[in-house]
Amino acid sequence: MATVHVNDADFDAEVRQSATPVIVDFWAEWCGPCKQIGPALEELSDEYAGKLKIVKVNVDENPEQAAALGVRGIPALFMFKGGEVVSNRMGAAPKAALKSWIDESV
């Protein structure tokens, strides 16, 4: 399952109302570290298919949710369970570190 692009309008439906845990990747096209973790997030999305959903929110096009969550730098990853943030991390990281964070949080 590939990552899904989400905007401010469908954020609640795709993230807060999801039956499965969701990781939200706040990113921007110009952000080098965001592009660096993109392939790892795609792979993790496939590995956790059915157990976890990974969505991407472009902060330049959809600033509302990022502002509401206090995102000050990107990439910023937020884990939602039951509509609430249960964990977050900032900055790029290797796939193994992202996987470890997911396993601890899910």
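Here, buried means under 20% relative accessible area, exposed means over 50%, and partly exposed lies in between, using a 1.4 Å probe and protein chains only. The model is predicted, so local features need pLDDT of at least 70 and side-chain atom pairs count only at pLDDT 80 or more, while totals for chains, interfaces and linings use all residues. Residues are numbered from 1 along each chain as its sequence is written, and side-chain values use heavy atoms, with hydrogens and water left out.

**View 1. The loop residue G91.** Let's start with G91, which sits in the loop between β5 and α4 (95-105). Helices (H or I, at least four residues) and strands (E, at least two) are DSSP runs, numbered from the N terminus. G91 counts as partly exposed because its relative accessible area is 23%. Its C-alpha atom is separated by 15 Å from that of I102, 11 residues apart along the chain.

View 2. Five strands make an open sheet in the order β1-β3-β2-β4-β5, with mixed pairing. At the edges you will find β1 (4-5) and β5 (84-90), each pairing on one side only. Two strands pair if DSSP finds at least two bridges between them. Helix α2 (residues 32-47) packs on this sheet and touches β2 (22-27), β3 (53-58) and β4; contact means heavy atoms within 4.5 Å. The direction of α2 makes about 155° with that of β3. Axes are lines fitted to C-alpha atoms, for helices over the stretch in contact, and angles run from 0 to 180 degrees between N-to-C directions.

View 3. Strand β4 (residues 76-81) pairs with β5 in the antiparallel sense over 6 bridges. Follow the pairs across: L77 stands opposite R89, and F80 stands opposite V85. The hairpin has 2 residues between its strands, and G82 in the turn has a positive phi of about 60°.

View 4. D8 is found in the loop between β1 and α1 (11-16). Which side chain of opposite charge is nearest to D8? That is R16, 9.3 Å away, and D8 is buried yet has no salt bridge (a side-chain nitrogen of Lys or Arg within 4 Å of a carboxyl oxygen of Asp or Glu). The side chain of D8 does reach the backbone nitrogen of E64, at 3.0 Å. Not counting residues up to four places away in sequence, D8 touches N62, P63, E64 and Q65.

**View 5. Q65 in helix α3.** Q65 lies in helix α3 (residues 63-68) and is buried because its relative accessible area is 9%. Leaving aside neighbours within four places in sequence, Q65 is in contact with D8, F11, R16 and F26.

How values were computed:
Lys, Arg positive; Asp, Glu negative; His and termini not counted. Polar contact = N/O pair within 3.5 Å; in protein donor to acceptor, adjacent residues only side chain to side chain.
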